[in-house]
Amino acid sequence: MSVVSRNLDTEEEVNTMTATTVFQHGYAVPTTRRPRPHGIDRVVMRLSLAMLRWARARADRATLSHEEHALRRANDLVLERERREAALRIARVF
């Protein structure tokens, strides 16, 4: 059939045949539910998850962006220059 001209044209009709295959593990295969963890397994799982979250938050706090690093470096240089100037002023007095 031709869809472009909106006319039914049987000369250009393509006869195709499709077949389905049967899968061993299809939707019809019943699945068993996995038992939920209990006892020490559950404690270990929750503890490991809490440790991962804590480590991630700690790493995020320790990481500085480029702008923050540049600002801290500039503040350190200003503080060092002020201390040097103060030391020179004290040396001139004596």
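Is Arg36 buried or exposed, and what is its relative accessibility? In this predicted model, Arg36 has a relative accessibility of 63% and therefore counts as exposed, since the term applies to values over 50%. The residue lies in the segment that precedes helix α1, which spans residues 40–62. On the surface, Arg36 belongs to a patch of positive charge, in which it is gathered with Arg33, Arg42 and Arg46.

The protein as a whole contains 2 helices and 0 strands.

With regard to charge pairing, side chains of opposite charge can pair when their charged atoms come close. The structure holds 1 salt bridge, and in the pairing of Glu80 with Arg84 the closest N and O atoms are 3.1 Å apart, a separation that falls within the 4 Å used to assign a salt bridge. Both residues belong to helix α2, which comprises residues 66–93, and because Glu80 and Arg84 are 4 residues apart in this helix, about one helical turn separates them. Glu80 has a relative accessibility of 43% and so counts as partly exposed, while Arg84, with a relative accessible area of 48%, is likewise partly exposed.

How values were computed:
Residues numbered from 1 in each chain as written. Predicted model: local features only at pLDDT ≥ 70, side-chain atom pairs only at ≥ 80, totals over all residues. Heavy atoms only, no water. Patch = residues over 30% accessible without salt bridge, like charges linked within 9 Å, V, L, I, M, F, W, Y side chains within 5 Å. Areas by Shrake-Rupley, 256 points an atom, 1.4 Å probe, with all protein chains shown as cover. Salt bridge = Lys/Arg side-chain N within 4 Å of Asp/Glu carboxyl O. Lys, Arg positive; Asp, Glu negative; His and termini not counted. Charge placed at Lys NZ, Arg CZ, Asp CG, Glu CD. Buried < 20%, exposed > 50% of the residue type's maximum accessible area, 1.4 Å probe, protein only.
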